[in-house]
Amino acid sequence: NAYVGVPLAVQDGARLGTLCVMDRKAREFASRDVGILDSLASLIVDRLELRLVSQDAAHVAAEAAREREAAFQRANKMVNDGRLLAALVQSSQDAIVSKDLNGVVTSWNPAAEDIFGYPAAEMIGQSITRIIPPDRLEEETFVLDKIRRGERIEHYETLRRRRDGGLIPISLTISPIKGEDDTILGASKIARNISDRVESQNRIHALLREVNHRVKNQFAVILSMIRQSANQAGTAQEFEARIRDRIMALARSHDLLVSHDWNGAPIQDVLTAQSE
């Protein structure tokens, strides 16, 4: 039997496996054969590394979300203590809003103005439902019911409506505001604009879908080449030569696409590459 293999190793040196070719007959593989196998291994590793990078980005985003949640909890503790520190509220990059038990806004910090587009003068004394999309109004009923029972609303993500009518994704934490005798006076909300994170997640998902699509396309092309070569070859040696030449041509075309950021390549460059 004959065997030749090329290791699949990512940038940090971790070995994921081996791409190999075996033949029932004992023979030596030419250096050109090994080169073809090495090109295919590089293509596979490129796809795997891109997926690993996307997974790392998702892990970083999740870690950042946990850190933000810890920050939200610290901020809410200050609110629950009844110590609405004006300096902190005014300088915070998070929207910090308070409302009474009827959902009427009683405070609206500068960050809330930036995030939702409404100045404080237009929101204080108005119902918080002004910024809640019609299809999410049941959230406010749920929130007020829990606040009246003195329960904290755990961190959750939702959508709110800006003054210009656009929807904005936010991360929201809500806590009851208590008086000195533990009477529930209203609720405090800390909202953070998470548009960047949501957009980043969408880009990661789109990238993974694109990688999956392109890998499947490459496999389909290779399978088609194998079938075509098998139909045209009269002997095993002729089949080997045909499939080797076609895979090398595919590899050269792939290199051209990569060098042009997958935006296509001039036909002259393609013809030149295939004539080498």
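Eight helices and seven strands make up the secondary structure of this protein, and the model you are looking at is a predicted one. Of the 276 residues in the protein, 33% are buried. Five of the strands come together in an open antiparallel sheet, and helix α5 packs on that sheet. Here is a friendly tour, starting with the overall numbers and then moving to the sheet, its helix and a few single residues.

**Overall numbers**
- The protein has an accessible surface of about 16,400 Å², and carbon and sulfur atoms account for 54% of that surface.
- Among contacts with a separation of 6 or more, 46% are between residues 24 or more positions apart.

**The five-stranded sheet**
- Reading across the sheet, the strand order is β4-β3-β7-β6-β5, with antiparallel pairing.
- Its edges are β4 (105–108) and β5 (153–161), each of which pairs on one side only.
- On average, neighbouring strands of the sheet are turned by 30° against each other, with direction ignored.
- Seven bridges connect β5 with β6 in the antiparallel sense, and within this pair Thr-158 sits opposite Ile-170 of β6.
- Nine bridges link β6 and β7, again antiparallel, with Thr-173 facing Ile-190 of β7.
- On to β3 (residues 95–100), which pairs with β7 in the antiparallel sense through six bridges; here Val-97 has Lys-189 of β7 as its bridge partner.
- Strand β7 is mostly covered, as seven of its ten residues are buried.

**Helix α5 and Glu-139**
- Helix α5 touches β3, β5, β6 and β7 as it packs on the sheet, and its direction makes about 150° with that of β5.
- Glu-139 belongs to this helix, which spans residues 137–148.
- Is Glu-139 buried or exposed? Its relative accessible area is 14%, under the 20% cut-off, so Glu-139 counts as buried.
- Beyond residues up to four places away in sequence, Glu-139 touches Tyr-156, Thr-158 and Arg-160.

**The β6–β7 turn and Asp-182**
- Strands β6 and β7 form a hairpin with five residues between them.
- Asp-182 lies in the loop that joins β6 (167–178) to β7 (184–193).
- Asp-182 counts as exposed because its relative accessibility of 56% is over the 50% cut-off.

**The α6–α7 loop and Ala-233**
- Ala-233 is found in the loop between α6 (195–232) and α7 (236–259).
- With a relative accessibility of 18%, which is under 20%, Ala-233 counts as buried.
- Which residues does Ala-233 contact once its neighbours within four places in sequence are left aside? They are Glu-238, Phe-239 and Arg-242.
- The C-alpha atoms of Ala-233 and Ile-243 are 9.6 Å apart, and the two residues are ten positions from each other along the chain.

How values were computed: Residues numbered from 1 in each chain as written. Predicted model: local features only at pLDDT ≥ 70, side-chain atom pairs only at ≥ 80, totals over all residues. Heavy atoms only, no water. Helix = DSSP H or I, 4+ residues; strand = E, 2+ residues; numbered from the N terminus. Buried < 20%, exposed > 50% of the residue type's maximum accessible area, 1.4 Å probe, protein only. Contact = heavy atoms within 4.5 Å. Areas by Shrake-Rupley, 256 points an atom, 1.4 Å probe, with all protein chains shown as cover. Pairing = 2+ DSSP bridges. Axes fitted to C-alpha atoms, helices over the stretch in contact; angles between N-to-C directions.
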